[in-house]
Amino acid sequence: ITFLCFMFFFRLKNENKIVSIKYWKYFFLFFGISTLVGGCSHALFNIHEGFAYKSFWIAMQVLNGFAVFSAQQATYNTVLQNAKNRELWKGSYILQLIIFLAGVFIFQNFLVVVLDNAIGLIPVMILHFMNSKNSRQNKLIANGILISFLTAFVHGTKLSLNAYFNFNDISHVLIMISLFVLFLGVSPKRIQRANL
């Protein structure tokens, strides 16, 4: 997941002309660093407590929050560009980020991240689906987010093929597929082709 995020970030690295792509680029960067730091918290610590473990674990959560905020900012600069209540959306994104950051440190529970992802990305997905008639790119972005939410079903049902490919593995594969579809939606080459 980290490798894919970094690869997509570097593919979008020089894309700063289109503001929304710049924010999607930050989404991949923050999400990639978040998964790297989160992986370290699981790999380096047998006991999931103490200052060193919490430093990695909380950093992972904070970075995930900035990834969600980046996706919201990308949406603000595309599908919400002509919305009447555009500034209300912007204010809600900033407020959500502030509440999320406070929640991470106050509750120190991964459920805060789960809620932030749901509250932040479900509207992003719906807004892109609502605008999918205008652009195939919006449909790809919405589908990418939708695929990521399938992980909740997989985890909730503990859906596993066998002991060596369990619900955790399936969830990670779904996240990688989600990121790939999302990248197809924000890729500037595909956007240019769609507009021709």
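This is a dialogue on reading several features of a predicted model.

Reader: How are two packed helices described?

Author: Two packed helices are described by the angle between their axes and by the distance between those axes. In this predicted model, take helix α3, residues 51-76, and helix α4, residues 86-107. Their axes are 10 Å apart, and the packing angle is about 175°.

Reader: Are α3 and α4 roughly parallel or roughly antiparallel to each other?

Author: An angle over 145 degrees counts as roughly antiparallel. The helices α3 and α4 are therefore roughly antiparallel to each other.

Reader: Which residues of α3 and α4 meet?

Author: On the α3 side they are I58, Q61, V62, G65, F66, V68, F69, Q72, Q73, T75 and Y76. On the α4 side they are R86, E87, K90, Y93, I94, Q96, L97, F100, L101, V104 and F105. The residues of this contact divide into 13 nonpolar, six polar and three charged.

Reader: Take Q73 in helix α3. Is Q73 buried or exposed?

Author: Buried means under 20% relative accessible area. Q73 has 6% relative accessibility, so it counts as buried. Leaving out residues up to four places away in sequence, Q73 touches Y23 and Y93.

Reader: How should I read the two sides of a single helix?

Author: An α-helix has 3.6 residues a turn, so residues three or four places apart point the same way. Helix α1, residues 2-11, is the case here, and its buried residues are T2, L4, C5, F8 and F9.

Reader: Which exposed residues does the face turned away from the buried side of α1 carry?

Author: That face of α1 carries F3, F10 and R11, which are exposed. As for the buried residues of α1, what covers them includes α2 and α7.

Reader: C5 is a cysteine in α1. What is a disulfide, and how many does the structure hold?

Author: A disulfide is a covalent bond between the sulfur atoms of two cysteines. The structure holds zero disulfides. The cysteine sulfur closest to that of C5 is in C40, at 15 Å, which is too far for a bond. C40 is likewise in no disulfide, its nearest cysteine sulfur being that of C5.

Reader: Are C5 and C40 buried or partly exposed?

Author: C5 is buried, with a relative accessible area of 0%. C40 has 23% relative accessibility and counts as partly exposed.

Reader: Which residues does S20 touch, and where does S20 lie?

Author: S20 lies in helix α2, residues 19-43. Not counting residues up to four places away in sequence, S20 touches A74, N77 and T78. At 9% relative accessibility, S20 counts as buried.

Reader: Which backbone angles deserve a look?

Author: Phi of Q108 is near 45°, a positive value in a residue other than glycine. Q108 is in the loop between α4 and α5. At 31% relative accessibility, Q108 counts as partly exposed.

Reader: What is phi of K158 near, and where does K158 lie?

Author: Phi of K158 is near 55°, again a positive value in a residue other than glycine. K158 lies in the loop between α6, residues 136-157, and α7, residues 167-186.

Conventions
Residues numbered from 1 in each chain as written. Predicted model: local features only at pLDDT ≥ 70, side-chain atom pairs only at ≥ 80, totals over all residues. Heavy atoms only, no water. Axes fitted to C-alpha atoms, helices over the stretch in contact; angles between N-to-C directions. Helix = DSSP H or I, 4+ residues; strand = E, 2+ residues; numbered from the N terminus. Parallel < 35°, antiparallel > 145°, perpendicular 65-115°, else oblique. Contact = heavy atoms within 4.5 Å. Nonpolar A, V, L, I, M, F, W, Y, C, P; charged D, E, K, R; others polar. Buried < 20%, exposed > 50% of the residue type's maximum accessible area, 1.4 Å probe, protein only. Disulfide = S-S within 2.5 Å.
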